[in-house]
Structures are given as C-alpha cells and as structure tokens.
Amino acid sequence: MHSYACIFVNHHIAHAYSAFFSSGLDDALVFVADGAGDYIDGMQEAESLFIAHEGKIEMICRRLQNPTTGHLTDERNYLLPHMPSFIQNYEISLGKKYSQITHLIELGRNGEGKTMGLAGYGKPLFHYNAYTKGDFLNFSLKYKDLLEEIFSLKASSGKSYKEFIRDERANIASTVQLMTENTIIDLLDDVLNLYPCKNLVLSGGIFLNCILNGKIINKFDLNNFYALPPAGDDGQAFRCGILCICKMLVYKINLK
Ligand SMILES: [Fe+2]
C-alpha cells in the first residue's frame with residue numbers, strides 16, 4: 001500500500017532552499033531575483049531576500065510586481081506608444097525589465113543572453129538606477145521606466161522606430177545591463193552592511209547574467225559566492241525536490 005503527500009512549493013522559497021542547500025555553506029545571505037514567482041494577493045513575486053543560518057532560511061523582505069498583461073511578447077508591454085497608461089505605472093521585476101528591453105530591441109523571447117552579450121558592444125545611453133539608498137526591496141521599477149527615456153531619445157533623433165532600434169540596439173542593451181548591475185550592487189551593498197555576511201548565495205534567472213555575477217564578486221569582500229548553475233526556472237524540478245526533502249525532514253513526512 002503506497003501513501004502520498006502533496007506538498008505545495010512557493011516559487012521564490014524553492015529558489016532560496018535549493019541554492020542554499022546545494023551551496024554547502026552553513027550560513028549565507030540569499031537573494032532571489034527572476035522574471036516572476038508565485039501569485040500573492042493578485043500580485044507576483046519579483047525579488048526576495050533571505051538569511052540562512054544553521055539549516056534555517058528566513059525571509060527578510062520581498063518585493064511584489066503587477067502580473068503582466070498577456071505575454072511579454074504583447075507589444076503593449078514593451079512599446080511605450082501602445083502601452084495603456086494603467087500598465088505604464090505597473091511595477092515590474094528586475095528580471096522582467098531585462099526581458100521587456102530584450103523584446104524592445106527585437107532579440108525575442110528568451111533572448112536575454114543575447115542582450116547581455118550585445119551590451120558589451122555598446123555604451124549606455126543614460127544611467128538609470130532603480131534603487132535608492134536604504135530602500136532594500138521597497139524600491140520602485142515601473143513598466144514605463146527606461147522606456148520613457150529611450151522613446152524620448154528616439155523622438156529627438158528624428159529617426160523612425162525601426163531605424164532608431166537598428167542604430168541603437170547595442171547601446172540600449174548596454175543601458176539595461178548597467179541599470180541591472182547598478183540596482184543589484186547598490187541593493188546588496190546596503191543589505192550586506194545591515195546583515196554582515198561573507199557568504200552570498202544567488203538564485204533566479206537574473207543570475208544567469210555572468211557579467212553581473214562577475215561584478216558582484218569584484219565589488220564585495222566575500223569568502224564564498226554561489227550562484228545556482230540552473231539559476232532560471234530550468235532548475236525548478238531540482239528546487240522543488242530540495243524544498244520537499246527539507247520539509248519532509250522538518251515535519252517528518254513519511255512518503256513510503
Ligand atoms: Fe524563478
């Protein structure tokens with residue numbers, strides 16, 4: 001006779017558990033940043049911070065975002081002239097902002113790695129940092145942010161949309177790459193000052209960005225840096241397995 005237990009797994013908590021418990025570390029600051037996690041009261045997880053110590057993981061804070069209207073491939077989500085005003089002020093995750101700009105420069109769905117590579121061939125059009133000192137995860141990043149500045153540069157260039165994107169593609173990629181680096185590094189700087197920790201564990205699709213990871217390693221005086229190799233949702237099965245094993249150990253659930 002077999003018995004089964006059904007364990008519901010929160011997306012960002014699964015990210016945190018799998019990264020920390022596969023890191024081999026005893027304690028760490030754990031940061032999760034992806035496109036979107038689970039739904040919570042009509043919003044969706046954007047970024048989450050955790051402290052892990054002696055086998056326990058505790059959430060410090062979490063930022064939520066508005067769910068995307070349709071798929072991100074929907075032009076209303078990334079072309080400012082077609083974006084309804086209520087969407088313009090929606091909150092967006094750092095990961096989804098990177099995807100939004102990837103769609104804008106026509107590198108397509110799952111093209112974020114191409115955006116990262118292309119960024120090296122351009123120069124930022126302007127500096128943008130979503131993080132303000134002391135905010136932790138209370139910062140605001142809206143659907144219209146970056147796009148407003150980019151479309152205003154397009155208007156003053158006198159070029160058509162297609163010409164502008166063709167000519168500025170690498171510079172736009174460089175702009176969103178720099179925004180992502182500045183925002184995350186300034187955020188981590190504040191968090192590591194308040195929660196001094198020499199071990200940093202990262203999970204979520206944002207941390208497939210090896211340029212960002214390299215800058216984090218160079219910036220902070222860490223003993224250990226660990227980014228879960230399947231940082232995106234390709235690691236979800238592994239994540240759920242780790243979290244379920246942890247829950248089984250804690251709650252002594254017997255699946256035999
Ligand atoms: Fe995720």
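I started with confidence: the protein chain averages a pLDDT of 91, and 93% of the residues score at least 70. pLDDT is the predictor's confidence in each residue, from 0 to 100.

I noted the ground rules. This is a predicted model, where local features need pLDDT of at least 70 and side-chain atom pairs count only at pLDDT 80 or more, while totals for chains, interfaces and linings use all residues. Residues are numbered from 1 along each chain as its sequence is written, and side-chain values use heavy atoms, leaving out hydrogens and water.

Helices (H or I, at least four residues) and strands (E, at least two) are DSSP runs, numbered from the N terminus.

Then I looked at the hairpin. Strands E3 (residues 43-53) and E4 (residues 56-65) pair in the antiparallel sense over 9 bridges; pairing needs at least two DSSP bridges between two strands. I found Leu-49 of this pair opposite Cys-61 in E4. The hairpin has 2 residues between its strands, and Glu-54 takes a positive phi near 50°.

I moved on to E5 (residues 199-203) and E6 (residues 224-227), which pair in the parallel sense over 4 bridges. Here Asn-199 stands opposite Asn-224 in E6.

Last, I looked up two helices. The axes (lines fitted to C-alpha atoms, for helices over the stretch in contact, with angles from 0 to 180 degrees between N-to-C directions) of H6 (residues 161-194) and H7 (residues 210-219) come within 10 Å and cross at roughly 35°.
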